[in-house]
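Please go through the points below with the model open beside you. They are meant to be read in order.

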Amino acid sequence: MADNRITQKHLKTHFQYSWWKYALALVVSILGISLAFDTTEYRPPEEKKTELYIMNSYCDTEALEKKLWPLLQEACPEQEEMITMNINLNSDDIYVRMQFMTYVAAHQGDVFMMSQQEFENLMTDESADSIYVDLMPYIESGVIDVGDINLTPGYATDSAGQRGLYAIPTDSLTGMKDYLCNPEGAVLAMVSYGGNLDTAAQLIGIMLRELR
């Protein structure tokens with residue numbers, strides 16, 4: 001007759017050969033719990049979230065966000081989240097550019113700070129309004145105060161052949177250097193697929209006011 005008693009010897013033998021089953025069960029349980037939290041976690045809708053991508057240089061995005069987020073909340077109390085991300089396209093890392101193009105293809109981001117060259121590259125074979133928003137209405141309404149900035153580099157042509165202001169040069173934003181970011185030769189632009197255009201314009205206005 002087989003000995004089915006649970007003894008220390010039986011347990012030792014069992015765990016010696018079956019330990020991987022318990023490890024696998026633990027991993028599956030952890031993944032299941034993580035997936036449950038990810039699928040049920042609240043995420044702000046696009047109109048209540050603003051994403052700022054710094055792409056012209058390295059940037060201490062954590063410190064910059066700590067500076068800008070309270071000011072954006074004050075101007076737009078309905079906002080629930082601001083994300084500041086550094087995607088340094090001036091680096092030699094090819095994966096950084098692949099990451100950026102993935103974000104663009106997924107229509108992520110609201111405000112881009114990028115080099116003048118990158119601003120122009122995104123318009124290759126396309127009109128300015130296919131990717132950017134004309135900022136002149138926000139300037140005329142007072143949301144964005146450009147002061148004495150030379151806006152010439154920010155003009156481009158839309159699909160109807162009309163010239164519009166699609167970017168604002170950031171050379172005067174010397175406050176960005178406090179966040180280890182070099183603003184020279186870069187521009188600020190809003191992408192047309194953004195789901196939060198008015199708030200994105202407010203963010204540009206705040207950056208021009210606070211960092212100039």
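**Notes on strands, salt bridges and backbone angles**

1. Strands β3 and β7 pair in the antiparallel sense over five bridges. Two strands count as paired if DSSP finds at least two bridges between them. Within this pairing, Phe-112 has Ala-189 in β7 as its bridge partner. Strands here are DSSP runs (E, at least two residues) and helices are runs of H or I (at least four residues), numbered from the N terminus.

2. The model is predicted: local features need pLDDT of at least 70, side-chain atom pairs count only at pLDDT 80 or more, and totals for chains, interfaces and linings use all residues. Residues are numbered from 1 along each chain as its sequence is written, and side-chain values use heavy atoms, with hydrogens and water left out.

3. Strand β3 also pairs with β1 (residues 49–54), in the parallel sense and over three bridges. Here Ile-54 has Met-113 of β3 as its bridge partner. How many residues of β3 are buried? Five of its five are, and the strand is mostly covered. Buried means under 20% relative accessible area, exposed means over 50%, and partly exposed lies in between (1.4 Å probe, protein chains only).

4. The whole structure holds seven salt bridges. A salt bridge is a side-chain nitrogen of Lys or Arg within 4 Å of a carboxyl oxygen of Asp or Glu. Side chains of opposite charge can pair when their charged atoms come close.

5. Glu-46, Lys-49 and Glu-51 are linked in a network of salt bridges. The closest N and O atoms are 3.4 Å apart for Glu-46 with Lys-49, and 3.9 Å apart for Glu-51 with Lys-49. Lys-49 counts as buried because its relative accessibility is 14%. Glu-51 is buried too, at 6%, whereas Glu-46 is partly exposed at 40%.

6. Arg-209 and Glu-210 meet through their side chains in a salt bridge of 3.0 Å, N to O. Arg-209 is exposed, with 52% relative accessibility. Glu-210, at 30%, is partly exposed.

7. Where does His-107 lie? It is in the loop between α3 (94–105) and β3 (111–115). Its phi is positive, near 60°, and His-107 is not a glycine. Most residues other than glycine have a negative phi. His-107 counts as exposed because its relative accessibility is 51%.

8. Leu-180, which is not a glycine, has a positive phi of about 65°. The loop that holds Leu-180 runs between β6 (168–169) and β7 (186–190). At 55% relative accessibility, Leu-180 is exposed.
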